Structure formats: C-alpha cells, structure tokens
Amino acid sequence: MKSRLKSVGEHGSYIFRHNLKITQLGKSGQIDEAIKVFQQMTHQNTVTHNSMISVYAKNGRISDARQLFDGMPHRNIVSWNSMIAAYLHNDMVEEALHLFDKMPARDLYSWTLMITCYTRNGKLAKAKDLFNLLPYKWNPVCWNALVAGYVKNRQFDEARRLFDEMPAKDLVSWNSMLSGYTRNGEMRLGLQFFEEMAERDVVSWNLMVDGFVEVSDLNSAWQLFEKIPNPNTVSWVTMLCGFARFGKIAEARRLFDQMPVRNVVAWNAMIAAYVQNCQVDEAISLFMEMPEKNSISYTTVINGYVRMGKLDEARQLLNQMPYRNVAAQTAMISGYLQNKRMDDARKIFSQISTRDVVCWNTIIAGYAQCGRMDEALLLFKQMAKKDIVSWNTMITGYAQVGQMDAAIKIFEEMKEKNIVSWNSLISGLTQNGSYLDALKSFMLMGHEGHKPDQSTLACGLSACAHLAALQLGVQLHQLVMKSGYATDLFVSNALITMYAKCGSISSAELLFKDIDCFDVVSWNSLIAAYALNGNGREALKLFQKMEVEGVAPDEVTFVGILSACSHAGLINQGLKLFQSMVKAYKIGPLAEHYACMVDLLGRAGRLEEAFQLVREMKIKANAGIWGALLGACRIHGNLELAKLAAEQLLELEPHKTSNYVLLSNMQAEMGRWDEVARVRRLMKERGAEKQPGWSWIELQNRMHAFLSEDPAQPRAVELCHLLRSLTAHMGNTAEMPLECF
C-alpha cells in the first residue's frame, strides 16, 4: 500500500514539474522547447493540455491551440476558459463567442473573459448586453471588467455611473476607474478621483505616477513617487522610465542605483533607457553585469547594436541567446533592412518558427521599401492574421512604385480603415499625379466620418496647388482653421505653396508673416513662391533676410533662389549665388542646381557657357539639364547644340513625346524636312505616342477637365465657336476659321 501511494505521489510530482516547466517556457517565448516537453511526457493530465493551450495562444499559434483543445480526451471548465482566453488574446471575438455559447457550464471567469473580449474590441453595447444576462451580479469581478472597458474607450460618464451602481466595490474596482483617467491623459479627473479613494494600494500610486509621466508632467510624477508609502519595483521602474523618456539619464541611473531590490525588469528598464538615449556602450556594460538575463535583455541590446550600425555584433549576440525569441529576431531583421541587406533579413525570417504580426509587418515593409512588391504581396497573402499596419504597408509600398491601381485595390479590400490608411492613399495619389482623385478621396474620407490630420490636409493642399484650384484651396484653409492645425508648421508651409502655385502671392506672404516659428522649409516655400511668380528680386531680398536671421539655407533653398534668378534674368546674381552655395555653404551642386544654371545662362543666350558647365559637371547630367539646354537652343536657334542635347535627352527619356516634338519643330523652322521625317520615324520606332493635351478650370467648387478631341465633351461645338470668336477678337480681325484641338 505504501509503495503504491509512493508511486502515485511520484507520478503526480512528475506531471506537476513538467506542467510547470511548460508554463515557464511559454512565458519566456520558448515555444519549441515547451512543445518538446509536452510531447515527451509519458503521462499527461487535463492541466497539461490547458497549460499547452495557453502557451500556444500567448505565442500567436491559435490554430494549434484549437486543435489541441478539440483533441482533448477530457475537458474541464478551465480548458474552455483557456481556449476563450486564447481567442481574447488574439482579438478573435466571434470565435470566442461561439465557444462561450457551447460551454456546458460557466463560472464567473468565463463571463468576465467574454465581457473583456467585447470591450477590448470596442463592442461596448454587446458587453453590456452580456453583463445584463449575468446570473450573479454580487461579485465585483464582472463589474470591474465592464468599468475597465468603458474607461478604456473614453466613456468616462458611463463608467462612473456603472461604478457608482456597484453593489460592492473592491480595490480593483477603484483602480479600474482610476486607470481610465490616468491612461487617457485625464489627470485632473484622475487626481480628483485618487483623492476620493478611501483606500489605496501601491497600484493606485503607480497609476498616478505613470499618468503624470504620460502627460509629460515629470515634476508631479516625482512628487507623487516620493509620497508612495511602500514603493515596489514597478514604482521605481515607472519613475526610472519617466526620467529616461525625457533624456534625464543621470537621474534614471541614480534611481536605479538607489533601488533596494532590482529584478530583471529593473535591469532591462535601465538598459533600455541607455539605448533610447543613444548611450549604447553604457547599455552593453550594464548588460554584462546582469546577474540574470531574459529574452527582453538580449532584444534590447541587439536593438542597441542595430542603432549603432554594428550588425555583426548584433548577430553574434543573437546567436548567443540560450533560446531564440521572435522579438530579438525581428530586431535583427529590422537592422538588416535599415542597411539594405534584404537577403540576410529574409534568411533570419525563414528561421523563425513562430512569427508574430510585428515580424511579418517588418519583413513586408522591407520588401515594400525596396520596391519589391511582388515578394511583399506573396508574404502578405501568406499572413494568417493581418492587422491594419499590414494593409497600410502594402498601400504605401504600391504607391511608392507608382502602382496606384494595386494600392486602391488593397485599400478597397480593407474591412476597417484608420487615418493612416486614408493618408497613405491620398498621399500616394498626390505623389503619382492623380490630383483630382486625391481630392475626391479627401472628400470621401470626410463622408465616412474620418477627420483629417495635418498629413491629410498637407496632401490635399498639395493637390490643390498642382491643379491651381484656388477656391478648393481656400476651403481647405478654412478647414485647417476649424481643425486646430493653423499653427502646425507642416500645414502652414503647404498653405504657402498652395497660394503661390495658385498665383495668390499676397496670401502666401501673409501666411509666412503669421508663422511664429519658422523652419528652413518655410523660407524655401516663400522663395519658391516668388520664383514661380516671376518675382526674382523679392526672392533675393527674402534670401538675404534669411541669411541675416541666421537660418542656414539648404539644397532646396538654392534650387528656389537660382530658379528665381533664371526667371527674372538676374544672371550675375545667379552666378554669385551658385558660387556662394559651393564655397560659403559647402553644398555640393545637385542636378537640379545645374539645371537652373543651364537655364539661367541659356535664357541669356550664353549657350556655350551653359554647355561648358554641363561638360565640367562632376555628376551625370539628367533629363532636366539636357531639357533646359534644348529649350535654350530653341529660343536662340542653335540647331547643332540642340541636336546634341536632344540626342542625350532621347536616350534618357525615349518615350517622352515632347522631346521629339521640340526637336522636330526646330528642324522644320530651319527647313530641314529630311531631319523632320527622321525624328518622326524615330518617335514611331520607339513607341512614343503623343499624349492628348488637357486643361481644367475651377468653377463653383468643381473642377472641370477638358481633354483634347474628347467626343464625350457635351458642349464641344459651343466651345469651339467661342474659341474662334475669342481668337478673332484678340487678333482684331474678322472671324477666321480655326481648327479646334
């Protein structure tokens, strides 16, 4: 009998030890090791299966968790709750509800899980309906879950009403209500509620300290921290992270050294503080001193190495990890991507057995940034669980390579869109020249209940600028004022550009004067505005004022000021500025600067000097430079130089019809009809088709576009008649026949 009891005891001890090991391995992210322990167990019980379900769920392997659950020989209520918690952890509300409905029996935890599942996903009405079905409302646990849901979704009045109705409140109830205020930045209400609390624990104090840190009130956070009766490790770490966030690394280290007890969380926090403040050597030194390290310790230092560009050291540390962790591997992938080492990144990705959504998004973003959208799409389709970042990454990637049809298709397939989704689409349309579609999407965004942010407004203003749609631009300016972005520098600069490109230079000047704190982009915007409107001398005055006020011009500044000199015929000033850029400001000339100088000299008829400048350039001439030279040759009738420039231009832009047309017209003006025929043949051979011209006009808040020879234009005959009348009037002659193109 004794030997039998001993055998049972040993058997139970064996299962208990292995169950505990599975749980510990799962918590540290060692899922493969946990699976190995589970599979090698000679005896398993229900707790073993429940532990393994939780391990799978916490590591994102939800289908494996469900397969194990379905195959269990015996399930208890903990099994059902573990599987529902797995769905909750992975935001799978419908699956959780389906399982909840099938449960043979429920306990209080089952109800709490399902209520939390709804509130986490913003389904507060369904959470409240479920709460109302609760058979026992005396226990505060479910009340706390619902209160926490309301405060998380910023419905403070409803949360407080529910809190006040509670038949019994515990400390968790008070802290749930308090966390709603502190985590949403409502510190005035939070402090008022904190002072009302009859009883507080260290969690209450920590919530207040963290809340003040989050709203950047470090002094109040410190004052409260010093008043905590018995601070725990979380208290110390919260304050330490607060100092680190605001660059007070010495204070953070002093606090770390004063800690009565340091656990691995405290060490990790201090190492992360050093990494965030670019003191990576200090972080590595502290890492070496750690008595105990976990996966977060390794991941943080790997991130530090990546920041320093020391990828070999980062990879070496990754290989030294006692067990691989998806966060550390993702950090390594990110480092390779930042250094354009796509193949190395993919190799690491392929070695990861369990990938989370961050890992997938990182590698997809890498391919998108490299313009390898076919590979990005392949990975995107393989993702079992996509989040909104996954979709937005694909939209941005397609926009960057000019595949707007594909970007729009992805956008339309999205079930839920956020402001980033709309901004990615609108900026993509703007960058790819689809300005009308960008404005239409801007309007549609408003109709669907999304408020524009500074990025949306800047893109909308950019579209208006390119279309010279002043009336729409003014309306967007009014929206800027109403939305509270009038002081945003990004938006202000976009407004200056919009008014300038619409010809309203006085409005651009007024906006510039109203800006409280300029940056170089602000100066550049107004200089470019003067250049665009032919006010070269005003541009020069502004540039001189910029220098007097100590603002260092950049490459863009000089593109604007050289362009202004070119358009205004300020040859000597332009030449002096070009020399100043190189010698005084040590800015190496870009192709855009050379194009301005070629245009400047070309307009003045100094073609040989312009050509000499092109030949002496240290960079390869682009289409803009040869185009400027060809245009100048056309004006001054230099056919030989024009032919040379055109040949270079046609090599760079073989499908751009305007280059062929310009050269052909020059040959025709000189009576060289054989050359005209040759250019036309070349144009045909290279498949360069003449694009129909189109124009537009803004009338009564609508953009009316006119395409050349468009049969769909309903008033074509009337327009042609009016055009003939206007042409006759301008020529002060009788009405003359005129073909309408």
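Student: Which helices each supply at least two residues of the lining of the largest pocket?

Tutor: A quick note before we look: this is a predicted model, where local features need pLDDT of at least 70 and side-chain atom pairs count only at pLDDT 80 or more, while totals for chains, interfaces and linings use all residues. Residues are numbered from 1 along each chain as its sequence is written, and side-chain values use heavy atoms, with hydrogens and water left out. Now to your helices (DSSP runs of H or I, at least four residues, numbered from the N terminus): H1 (2-27), H2 (31-40), H4 (62-70), H6 (93-102), H21 (326-338), H23 (357-369) and H25 (388-400) each give the lining at least two residues.

Student: How do I read the pocket itself, and which residues lie nearest its centre?

Tutor: Rolling a probe the size of a water molecule over the atoms shows where empty space is left. Here a pocket is an open set of points on a 1 Å grid where a 1.4 Å probe fits, with protein on both sides within 12 Å along at least five of seven lines; lining residues have an atom within 4 Å of a point. The largest pocket holds about 1,800 Å³ of space. Of its 49 lining residues, Asn90, Val357, Lys385, Lys386 and Asp387 lie nearest the centre.

Student: What is the make-up of that lining by class?

Tutor: It has 20 charged (Asp, Glu, Lys, Arg), 14 nonpolar (Ala, Val, Leu, Ile, Met, Phe, Trp, Tyr, Cys, Pro) and 15 polar residues (the others, Gly among them).

Student: Is threonine 330 buried or exposed?

Tutor: Buried means under 20% relative accessible area, exposed over 50%, and partly exposed in between (1.4 Å probe, protein chains only). Threonine 330 has 8% relative accessibility, so it counts as buried. This threonine sits in helix H21. Leaving aside residues up to four places away in sequence, threonine 330 touches (heavy atoms within 4.5 Å) Val358, Cys359 and Thr362.

Student: And where does valine 520 fall?

Tutor: Its relative accessible area is 21%, so valine 520 is partly exposed. Valine 520 belongs to helix H33 (residues 520-532).

Student: How far is valine 520 from leucine 457?

Tutor: Their C-alpha atoms are separated by 20 Å, and the two residues are 63 residues apart along the chain.

Technical notes. Grid points are joined across faces, edges and corners, and a volume is the space filled by probe spheres set on the points.
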